[in-house]
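Please examine the structure shown below.

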Amino acid sequence: MTDQIERPDGIRLVRTLAEAVMFPLVLFLGLLLSFSTALHAPQPHHAKIVVAHSAVERKVDAALRQQHPGGFDVTAVADARGARQAVLDRDAVAGYVAGPRQSVLYVSKANGMSLEQALTKGFTALAAHNHQTLTVTEVAPPASKDQNGTVVVYFGVAWSVPGYILATTLLRAVTFNRRKRLLTIAGAAAVFSAVGFLIGVGLDYLPNEPSAMAIGFLLTTAVATVSSGLAPFTKQFLPAVGMTLFIVLSVPVSGLTAAPLLPTFFRGLHAVMPLANGVDALRGVLYFDGAGVLKPVLVLCAWLAAGLALLGLDTWRHHRMAARPVLEDEQEDVEEPPVEDPSLEAPTPTALPVHHHHFGELVPMLVGTVRDGAQQPVQHAAVTVMDTNGRQLVHTTTNARGDYAVTGLPEGYISLVVSSVGRKPVVHQVLLHFGAVARADAILHDRSVEASSRG
């Protein structure tokens with residue numbers, strides 16, 4: 001039996017305070033640094049531009065390199081039609097056609113107003129330097145009520161962040177196995193994508209392109225599945241990990257500021273984060289006839305596959321744990337259960353009052369009744385649940401009917417220590433499975449009866 005560890009009250013207070021403020025502090029610093037660093041001064045970085053006619057391309061490239069070093073990557077196309085088509089095919093963010101006195105810049109506000117403004121500013125200065133006037137032509141305008149070209153980002157956030165929240169709330173559904181959780185994720189994602197699309201079209205925020213629902217479904221499912229797969233490995237740190245991945249790092253690169261205007265690090269994040277790729281795919285199906293959709297869809301599928309792989313790894317880990325031989329050690333006396341730092345799971349092991357379960361309440365994962373040798377309920381019996389390393393997970397007592405209930409326990413074997421004053425303690429080992437409520441009853445015999453029988 002492990003010795004009990006006592007800590008001074010001051011150390012306990014400091015530890016409790018540190019645990020309470022750690023996550024808000026990390027979130028505060030993450031939001032502050034990521035948003036301000038990514039969005040404080042948008043400047044073009046290697047934005048792809050096409051210029052009609054190769055002779056003009058060299059002059060435009062030299063002028064842009066002088067005005068904005070590293071800002072634009074310029075290539076030539078045959079004519080004005082090719083420049084316009086390059087923007088529609090998403091091969092370039094702008095197409096430039098220079099004339100004797102007037103130049104034309106082909107852009108799309110569907111890529112975001114911030115990018116259009118940066119392009120217009122740069123090429124207006126270029127045209128003025130060549131004593132020309134500049135005409136800006138929209139080739140793929142956004143919906144009529146999306147003046148800034150960013151509404152699609154808000155819908156992406158609405159399909160992404162609730163996926164993470166859904167995964168965390170499903171951790172409370174301890175009677176759901178992995179299959180039921182995945183089915184719930186898929187069903188909720190289907191509802192979210194359909195409702196979001198209908199609202200967007202009804203308010204004239206989005207064009208009526210039903211394939212956007214498939215992107216919304218894939219985005220929600222990918223985020224929720226990855227969050228569910230991370231939960232068994234990150235445990236109590238899941239909120240910090242989830243918020244960092246799907247809010248702190250995702251939102252700044254989601255498209256509020258176009259990727260070519262982001263610093264190098266955040267452009268790299270834009271290429272791999274699910275929200276950014278979901279927004280890119282949505283823009284492709286809504287405004288560019290599906291151009292450039294394959295790559296972001298493949299990234300979303302990769303996130304989904306990673307989430308399923310994490311869930312499979314956790315299943316394999318628990319099957320391996322359950323296959324280990326269990327030693328049934330009979331212990332004569334258990335005066336005090338071992339108490340160490342709690343090994344917190346997600347959700348936290350919690351003792352529950354025993355009553356009929358109501359909607360929204362925590363669902364028990366382990367229940368039982370404690371009786372004496374005469375089959376009478378034992379009130380205030382101590383029930384302690386420990387993991388396989390002997391660390392205390394949760395401690396509770398029985399009610400007037402001898403009943404107890406606990407939830408938030410890890411899958412696999414746990415040890416149950418039941419004791420009461422004047423009675424011989426008992427120890428049980430119980431195998432827990434997600435999706436099932438385990439029952440562990442106990443009978444506590446009087447020590448006096450035990451002693452007399454031995455005499």
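What covers the buried residues of α2? In this predicted model, the cover includes the strands β1 (47–52), β2 (72–77) and β3 (94–97), together with the helix α4 (113–129). The buried residues of α2 are Glu-57, Val-60, Asp-61, Ala-63 and Leu-64.

Helix α2 itself runs over residues 54–67 and has 14 residues. From its first C-alpha to its last it reaches 20 Å, close to the 20 Å expected at 1.5 Å a residue.

In soluble globular proteins, nonpolar side chains tend to be buried together. The largest nonpolar core of this model has 60 residues, and those with the most contacts inside it are Val-253, Leu-282, Leu-286 and Trp-303. Helix α7 (residues 211–234) gives the most to this core, contributing 9 residues. Apart from this core lies another, of 22 residues, which include Leu-366, Val-383, Val-418 and Val-426.

Val-253 is in contact with Leu-262, Phe-266, Leu-269, His-270, Met-273 and Ala-276, leaving aside its neighbours within four places in sequence.

## Confidence of the prediction

The chain has a mean pLDDT of 84, and 86% of its residues reach 70 or more.

The pLDDT is below 50 over residues 1–8, a stretch with 13 contacts in the model beyond near neighbours in sequence. Over residues 326–346 the pLDDT stays under 50, and the model has 45 contacts for them beyond four places in sequence. Where pLDDT is low, the predicted coordinates should not be read in detail.

Definitions and conventions:
Residues are numbered from 1 along each chain as its sequence is written. This is a predicted model: local features need pLDDT of at least 70, side-chain atom pairs count only at pLDDT 80 or more; totals for chains, interfaces and linings use all residues. Side-chain values use heavy atoms; hydrogens and water are left out. Helices (H or I, at least four residues) and strands (E, at least two) are DSSP runs, numbered from the N terminus. The expected span of a helix is 1.5 Å times one less than its number of residues. Buried means under 20% relative accessible area, exposed over 50%, partly exposed in between (1.4 Å probe, protein chains only). Contact means heavy atoms within 4.5 Å. A nonpolar core is a set of buried Ala, Val, Leu, Ile, Met, Phe, Trp, Tyr and Cys residues joined through side-chain atoms within 4.5 Å. pLDDT is the predictor's confidence in each residue, from 0 to 100.
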